[in-house]
Amino acid sequence: MKVELYKATDQHANMPDYKTAKDNFSWEEIEKEFSWYESGKVNMAYEAIDKHVDEGHGDKIALHYKLDDDIQSFTFKEMKENSNKAANLLKNAGVKKGDRVFIFMARSPELYFALLGALKIGAIVGPLFEAFMEKAVRDRMENSDASTIVTTPELLPRVPVDELPHLENVIVSGDDVDEKYISYKKEFEKASTEFDIEWLDKEDGLILHYTSGSTGQPKGVLHAQYAMVQQYISGKYVLDLKEDDVYWCTADPGWVTGTSYGIFAPWLNRATNVIVGGRFSPESWYGALEELKVTVWYSAPTAFRMLMGSSDNVVEKYDLSALRHVLSVGEPLNPEVVKWGMEVFNLRIHDTWWMTETGAHMIVNFPSMDIKGGSMGKPLPGVEATIIDDQGNELPPNRMGNLAMKSGWPAMMREIYKNKPKYDSYFIGDWYISGDSAYMDEDGYFWFQGRVDDVIMTAGERVGPFEIESKLVEHEAVQEAGVIGKPDPVRGEIVKAFIALRDGYEPTDELKEEIRVFVKNGLAAHAAPREIEFKDSLPKTRSGKIMRRVLKAWELDLPAGDLSSMDDD
Ligand code: ATP
Ligand code: MG
């Protein structure tokens, strides 16, 4: 397939070039930038918030929170005081270092105060996405023996408060809280703005994130305080965060992107962080970019595809001239989306690849690097990545295999909660195996092919679903596509595509044939889907990822497995 090359521009001229950054890189040099380098005693909430106050930046805006037409803004000093209040509230309730504190709230300033407050105590935070239903909440809180939950009156009915033996504190925001529970509002008002931070070891726990559940049951991934070293430097190098940036990461803190890059990376770099509440619409998102003069924007392919699918001239109504840097994560970024980004923003969309388990960026399109449309880029300086076969042998360029990294980067998970065998299954020798299939080209760029389990074997050829899906979304009628291998007695598997059409297109047999020919001529005959099925929408996780295992289960009439994180709106 023809690769589009997007040259680096002078927009990022003051960024180190990739080779220089990589050649001179040492994690220890980065550690020296932290106040704990000498003392060894650390707390993420201090580094992200209080330190900036101590260093004379207390009046700088840390957070703009936008909900519909309303914007509330908080300085670093106000964030420090409010998180101290939340820390006192939690401490008074009996929360201690190491306890698991779950936060189950829609995005609001209170969510961020509570999360930072829990960190100040040395508790391990377990964020839950607001759209989770009871089963998802129960599974996660049971698995982690959570002692405390902070929630809202709207979400409280989804917390099985009487059935969780380890649960001691139920803290509820809003007015008129039942006496059985602790009132966030009342206790917060009473609480002191002073708090003595709990100093921790850099290997102490920070956050417990459950994975998205795209491939199976979500796993409890525990990260350590030390992750901050990588979150900080990737915020600086990859997000290119500077003193006067206004930065918006669209992910919810229920997912790892919403904490590593929605909380930690921006505040470790002292940027102004934007949080937008409410639901997605092209108008509300473009409106937020315009009104808050967002300069750096981090979002996901599913959101970009929805913006692409909205009528063309919506974007023209907004002044997005402040925007200077756009990034993507969560799913493969189709070349067609990068092309669209150039057309509407006149900016390159920088893909970044990483996982809940890796805690921070691993493979990235460094700002000063040329981008090959459809490639996830090159390893973050300090990260060693390669492609290996199932026995752990490194493969030469252009051979598809397991995307793997040398263990030991700072933000690597420390545990799969209460599941040592699962943790151990990630490794072959020193190599961490991602579960994704990819190849590296002769220039060292990595190309995602699909989840290892999703790779299709058809007539002796290994085909990655991503390339086919990317070709499919190039067709004008296709909004989204999910491709699976369907067992076939002759070919092993055949390529089957599930397609959601753009508004205005009719699901006809002629259109199926047209799309098939489009892939055949544009990609390869063996990659053209032998079967196409139109759907109103594709099954997705609540974080917006297409669930191919559900497509496969539909196809084969099998049980679809754990659906607690599936979006069923
Ligand atoms: P589960 O592990 O529970 O099945 P999940 O893998 O979707 O869920 P996450 O940790 O949120 O949970 O997602 C990481 C995965 O997302 C990666 O392994 C990869 O498959 C996909 N991914 C993330 N970023 C990219 C990217 N830039 N390009 C391609 N795939 C990506
Ligand atoms: Mg995963």
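Is Asp240 buried or exposed? At 0% relative accessibility, Asp240 counts as buried, where buried means under 20% relative accessible area, exposed over 50%, and partly exposed in between (1.4 Å probe, protein chains only).

Before going further, some housekeeping. This is a predicted model, in which local features need pLDDT of at least 70, side-chain atom pairs count only at pLDDT 80 or more, and totals for chains, interfaces and linings use all residues. Residues are numbered from 1 along each chain as its sequence is written, chains are lettered from A and ligands numbered from 1 in the order in which they are written, and side-chain values use heavy atoms, with hydrogens and water left out.

**Two aspartates with a positive phi**

Back to Asp240, which sits in the loop between α9 (228-237) and β11 (246-249). Helices (H or I, at least four residues) and strands (E, at least two) are DSSP runs, numbered from the N terminus. Asp240 has a positive phi of about 60° although it is not a glycine. Most residues other than glycine have a negative phi. Asp557 has a positive phi too, near 60°, and you'll find Asp557 in the segment after α17 (548-556). Asp557 is exposed, though, with a relative accessible area of 71%.

**Around ligand 1**

Now for the ligand. There are 22 residues around ligand 1, and Gly213, Ser214, Thr215, Thr356 and Arg451 come nearest; a residue is near a molecule or strand if one of its heavy atoms lies within 4 Å of it. By class, that shell has 6 nonpolar, 9 polar and 7 charged residues. Here Ala, Val, Leu, Ile, Met, Phe, Trp, Tyr, Cys and Pro count as nonpolar, Asp, Glu, Lys and Arg as charged, and the others, Gly among them, as polar. Strands β15 (349-353) and β24 (446-451) each supply at least two residues of the shell, and the largest share, 3 residues, comes from β15.

Some polar contacts with the ligand are listed below. A polar contact is a pair of N or O atoms within 3.5 Å; within protein, one must be able to donate a hydrogen and the other to accept it, and residues adjacent in sequence count only if both atoms are side-chain atoms.

| Residue | Atom in the residue | Atom in ligand 1 | Distance |
|---|---|---|---|
| Ser212 | polar side-chain atom | oxygen | 2.7 Å |
| Gly213 | backbone N or O | oxygen | 2.7 Å |
| Glu331 | backbone N or O | nitrogen | 3.5 Å |

Taken alone, ligand 1 exposes 630 Å², and the protein buries 96% of that. Accessible areas come from the Shrake-Rupley method with a 1.4 Å probe; for residues, only the protein chains shown count as cover.

**His223 and its neighbours**

Thr356, one of the residues that come nearest to ligand 1, also meets His223: the backbone oxygen of Thr356 lies 2.7 Å from a polar atom of the His223 side chain. His223 lies in strand β10 (residues 220-224) and counts as buried at 2% relative accessibility. Leaving out residues up to four places away in sequence, His223 touches several others, including Asp204, Leu206, Glu357 and Met412; contact means heavy atoms within 4.5 Å.

What about Ile149? Ile149 is found in strand β6 (residues 148-151) and counts as buried, at 0% relative accessibility. Not counting residues up to four places away in sequence, Ile149 touches Phe102, Phe104 and Leu128, among others.

Helix α12 (residues 301-309) is mostly covered, with 7 of its 9 residues buried. Among them are Pro301, Phe304 and Leu307. The cover over the buried residues of α12 includes α11 (282-291), β13 (296-299) and β15. In the loop between α12 and β14 sits Leu323, which counts as buried at 9% relative accessibility. Leu323 and Thr295 are 28 residues apart in sequence but 4.0 Å apart in space, C-alpha to C-alpha.

**What UniProt lists**

An unreviewed UniProt entry lists residues 111-132 as "transmembrane region". UniProt positions are given in the numbering used here, feature names are shortened, and annotations may be inferred rather than shown by experiment. In the model, residues 111-132 are 50% helix and 23% strand, with end C-alpha atoms 16 Å apart. UniProt (unreviewed entry) also places "domain: AMP-binding enzyme C-terminal" at residues 467-545. That span is 28% helix and 33% strand, and its end C-alpha atoms lie 16 Å apart.
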